[in-house]
Amino acid sequence: MSNNMNILYRIFSYILLVIAVILGIAALFTLLIALSNPALLLSVFVVIAVVIYSITSFLFLINGIDGKRQLQPKLKDWIKVNGYVAIVFVVMNIFQSVTIISNPAVLNDAMKQVAEIQSNTAPVSTTLMIKVAKAIVWALLFYCVILGMHISTTFRLLKQYAGLFGPNTDSTQQ
């Protein structure tokens, strides 16, 4: 891995770790809500997989690549499985973000409906809500691009540093 890519991968790892903490906390609260609304469970589990991927890939970077320590083969499995689920998250969110950015009428209509619903409570201006929603969409797009690039690089690094994942030392296998 080139030096510039190494630095970029590290920066992305730290960014993903910070966002993973925020997503993890949000996922815990959402999980409580999803228990009463099972339709939300799949979305919560996808977000949890992104959090797990972010943490396990960070552990791979710090303990394996930097620390040159032998890692459990289970860590590689956790990275790969959650990485594949995170790819689904990336593709879905990039598609949704690009759709909203390329067709702003959808977002405008949705925010007008929200404004109508909340007009009885403390109203927030529709223009402010649209600006905030656009900022969130752009931030999500940026995050998903970083996450996608990180996953791709991590999978390459898993092959490059395959020697770090030694034989399973589990006592049940003899």
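**The Arg 10 and Asp 66 pair**

Analyst: Let's start with Arg 10, which counts as partly exposed, at 24% relative accessibility. Here buried means under 20% relative accessible area, exposed means over 50%, and partly exposed is in between (1.4 Å probe, protein chains only). Asp 66 is also partly exposed, with 35% relative accessibility.

Before going on, a word on the model: it is predicted, so local features need pLDDT of at least 70 and side-chain atom pairs count only at pLDDT 80 or more, while totals for chains, interfaces and linings use all residues. Residues are numbered from 1 along each chain as its sequence is written, and side-chain values use heavy atoms, leaving out hydrogens and water. The pLDDT is the predictor's confidence in each residue, from 0 to 100; its mean for the protein is 88, and 91% of the residues reach 70 or more.

Back to the pair. Side chains of opposite charge can pair when their charged atoms come close. Arg 10 and Asp 66 form a salt bridge, at 2.5 Å from N to O; the term asks for a side-chain nitrogen of Lys or Arg within 4 Å of a carboxyl oxygen of Asp or Glu. Arg 10 sits in helix H1 (residues 3-36) and Asp 66 in helix H2, so the pair ties together parts that are 56 residues apart in sequence. Helices are DSSP runs of H or I with at least four residues, numbered from the N terminus. By this rule, the salt bridge count is one.

Helix H2 (residues 41-66) also holds Thr 56. Thr 56 is buried, with a relative accessible area of 9%.

How values were computed: Helices (H or I, at least four residues) and strands (E, at least two) are DSSP runs, numbered from the N terminus.
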